[in-house]
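Okay, thanks for coming, everyone. I've got one structure to walk you through today, so let me put it up on the screen.

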Amino acid sequence: MSNRFFTISEILAGIQEKDKAIKTIFHENERTNGVLWYVPPGEEIPAHYHPETDDIWVVLEGEGEYYLENGKSHQIKPGLVAVAAKEQIHGVKATGEKPLIVVAISAPMPVQMIKIDR
(Lines give C-alpha, C1' and ligand atoms only; values in the text may rest on other atoms or scores of the structure.)
Protein backbone atom coordinates (compact mmCIF):
# COMPACT_ATOMS: atom_id res chain seq x y z
CA MET A 1 0.00 0.00 0.00
CA SER A 2 1.76 3.14 -1.18
CA ASN A 3 -0.29 5.80 0.59
CA ARG A 4 -1.76 5.22 4.04
CA PHE A 5 -2.83 8.76 4.87
CA PHE A 6 -5.30 11.03 3.08
CA THR A 7 -6.68 14.48 3.78
CA ILE A 8 -10.26 15.35 2.91
CA SER A 9 -9.17 18.80 1.65
CA GLU A 10 -6.74 17.23 -0.85
CA ILE A 11 -9.38 14.83 -2.14
CA LEU A 12 -11.95 17.64 -2.46
CA ALA A 13 -9.42 19.85 -4.27
CA GLY A 14 -9.16 17.20 -6.98
CA ILE A 15 -12.87 17.31 -7.80
CA GLN A 16 -13.35 19.23 -11.04
CA GLU A 17 -17.15 19.17 -11.52
CA LYS A 18 -18.95 20.26 -8.36
CA ASP A 19 -22.50 20.39 -9.77
CA LYS A 20 -23.21 16.65 -9.51
CA ALA A 21 -22.55 13.76 -7.12
CA ILE A 22 -18.94 12.64 -7.47
CA LYS A 23 -17.30 9.51 -6.07
CA THR A 24 -13.53 9.70 -5.58
CA ILE A 25 -11.77 6.44 -4.78
CA PHE A 26 -8.84 7.05 -2.43
CA HIS A 27 -8.11 3.40 -1.56
CA GLU A 28 -8.86 0.08 -3.25
CA ASN A 29 -7.46 -3.42 -3.08
CA GLU A 30 -8.79 -6.97 -3.45
CA ARG A 31 -10.53 -6.80 -0.02
CA THR A 32 -11.80 -3.25 0.60
CA ASN A 33 -12.27 0.18 -0.88
CA GLY A 34 -12.57 3.67 0.50
CA VAL A 35 -14.29 6.50 -1.31
CA LEU A 36 -15.20 10.10 -0.67
CA TRP A 37 -18.64 11.16 -1.90
CA TYR A 38 -19.25 14.82 -2.73
CA VAL A 39 -23.00 15.46 -3.18
CA PRO A 40 -24.12 19.04 -3.95
CA PRO A 41 -27.39 20.34 -2.46
CA GLY A 42 -30.38 18.75 -4.22
CA GLU A 43 -28.32 15.98 -5.85
CA GLU A 44 -28.34 12.33 -4.81
CA ILE A 45 -26.65 8.97 -4.69
CA PRO A 46 -29.51 6.81 -6.01
CA ALA A 47 -31.16 4.19 -3.81
CA HIS A 48 -29.30 0.91 -4.25
CA TYR A 49 -27.92 -2.16 -2.53
CA HIS A 50 -24.85 -4.37 -2.77
CA PRO A 51 -25.55 -8.14 -2.99
CA GLU A 52 -22.33 -9.21 -1.23
CA THR A 53 -20.81 -6.04 0.24
CA ASP A 54 -21.28 -4.03 3.44
CA ASP A 55 -21.09 -0.24 3.03
CA ILE A 56 -20.27 2.02 6.00
CA TRP A 57 -20.72 5.77 5.60
CA VAL A 58 -19.25 8.45 7.87
CA VAL A 59 -20.87 11.86 7.38
CA LEU A 60 -18.29 14.66 7.53
CA GLU A 61 -20.21 17.71 6.25
CA GLY A 62 -23.68 18.70 5.09
CA GLU A 63 -27.05 17.09 5.66
CA GLY A 64 -29.10 14.55 3.80
CA GLU A 65 -32.05 12.21 3.58
CA TYR A 66 -30.57 8.68 3.82
CA TYR A 67 -32.71 6.16 1.96
CA LEU A 68 -33.92 3.01 3.71
CA GLU A 69 -36.17 0.11 2.78
CA ASN A 70 -39.91 0.53 1.99
CA GLY A 71 -39.58 4.21 1.01
CA LYS A 72 -38.46 5.23 4.49
CA SER A 73 -35.54 7.55 5.19
CA HIS A 74 -33.40 8.89 8.03
CA GLN A 75 -31.85 12.35 8.35
CA ILE A 76 -28.07 12.33 8.39
CA LYS A 77 -25.64 15.05 9.49
CA PRO A 78 -21.96 15.40 10.45
CA GLY A 79 -20.77 12.87 12.99
CA LEU A 80 -23.29 10.18 12.02
CA VAL A 81 -22.16 6.72 10.92
CA ALA A 82 -24.61 4.79 8.72
CA VAL A 83 -24.14 1.05 8.22
CA ALA A 84 -25.69 -0.83 5.31
CA ALA A 85 -25.03 -4.56 5.50
CA LYS A 86 -25.10 -6.52 2.26
CA GLU A 87 -28.54 -6.36 0.57
CA GLN A 88 -29.70 -3.38 2.68
CA ILE A 89 -31.02 -0.47 0.65
CA HIS A 90 -29.24 2.85 0.98
CA GLY A 91 -28.56 6.06 -0.91
CA VAL A 92 -28.95 9.74 -0.07
CA LYS A 93 -30.25 13.09 -1.24
CA ALA A 94 -28.31 16.17 -0.06
CA THR A 95 -30.89 18.36 1.66
CA GLY A 96 -28.81 21.05 3.33
CA GLU A 97 -27.40 24.32 2.00
CA LYS A 98 -23.85 22.91 1.83
CA PRO A 99 -22.59 19.87 -0.09
CA LEU A 100 -22.86 16.52 1.66
CA ILE A 101 -19.42 14.98 2.20
CA VAL A 102 -19.34 11.29 3.12
CA VAL A 103 -16.51 8.79 3.47
CA ALA A 104 -17.63 5.27 2.55
CA ILE A 105 -15.75 2.06 3.32
CA SER A 106 -16.92 -1.11 1.56
CA ALA A 107 -15.98 -4.78 1.91
CA PRO A 108 -15.64 -7.43 0.67
CA MET A 109 -14.75 -6.62 -2.90
CA PRO A 110 -15.85 -6.48 -5.63
CA VAL A 111 -18.68 -3.99 -5.03
CA GLN A 112 -21.69 -4.58 -7.24
CA MET A 113 -24.29 -1.76 -7.14
CA ILE A 114 -27.92 -2.64 -7.88
CA LYS A 115 -30.04 0.52 -8.29
CA ILE A 116 -33.67 0.39 -7.23
CA ASP A 117 -36.73 2.62 -7.56
CA ARG A 118 -37.70 4.49 -4.41
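Let's start at one spot: Val-58 is found in strand E4. When I say strand, I mean a DSSP run of E with at least two residues, and a helix is a run of H or I with at least four, all numbered from the N terminus.

Quick housekeeping before I go on. This is a predicted model, so local features need pLDDT of at least 70 and side-chain atom pairs count only at pLDDT 80 or more, while totals for chains, interfaces and linings use all residues. Residues are numbered from 1 along each chain as its sequence is written, and side-chain values use heavy atoms, with hydrogens and water left out.

Together with Ile-56, Leu-60, Val-81, Val-83 and Ile-105 it forms a nonpolar patch on the surface, and the accessible area of the patch is about 440 Å². A patch here takes residues with over 30% relative accessible area and no salt bridge; nonpolar side chains (Val, Leu, Ile, Met, Phe, Trp, Tyr) are joined within 5 Å, and like charges within 9 Å. A salt bridge would be a side-chain nitrogen of Lys or Arg within 4 Å of a carboxyl oxygen of Asp or Glu. The areas come from the Shrake-Rupley method with a 1.4 Å probe, and for residues only the protein chains shown count as cover. Which elements give two or more residues to the patch? Those are strand E4 (54-61) and E7, and E4 gives the most, with three.

Now the sheet that holds both of them. It's an open sheet of five strands in the order E1-E2-E9-E4-E7, with antiparallel pairing. Two strands pair if DSSP finds at least two bridges between them. At the edges sit E1 (22-28) and E7 (81-84), each pairing on one side only. On average, neighbouring strands in this sheet are turned by 20 degrees against each other, direction ignored.

E5 (residues 64-67) and E6 pair over four bridges, with Tyr-67 partnered by Ser-73 in E6. Their hairpin has five residues between the strands, and Asn-70 there takes a positive phi near 55 degrees.

Keep an eye on Lys-93 in E8. Glu-44 stands opposite Lys-93, and Glu-65 stands opposite Lys-93 too. E8 (residues 90-94) pairs with E3 (residues 44-49) over three bridges, and E5 and E8 pair over three bridges as well.

Zooming out, the chain has one helix and ten strands. What about the overall dimensions? The C-alpha atoms fill a box of roughly 40 × 35 × 25 Å along the principal axes. Of the 118 residues, 36% count as buried.

Notes:
Axes are lines fitted to C-alpha atoms, for helices over the stretch in contact, and angles run from 0 to 180 degrees between N-to-C directions. Buried means under 20% relative accessible area, exposed over 50%, partly exposed in between (1.4 Å probe, protein chains only).
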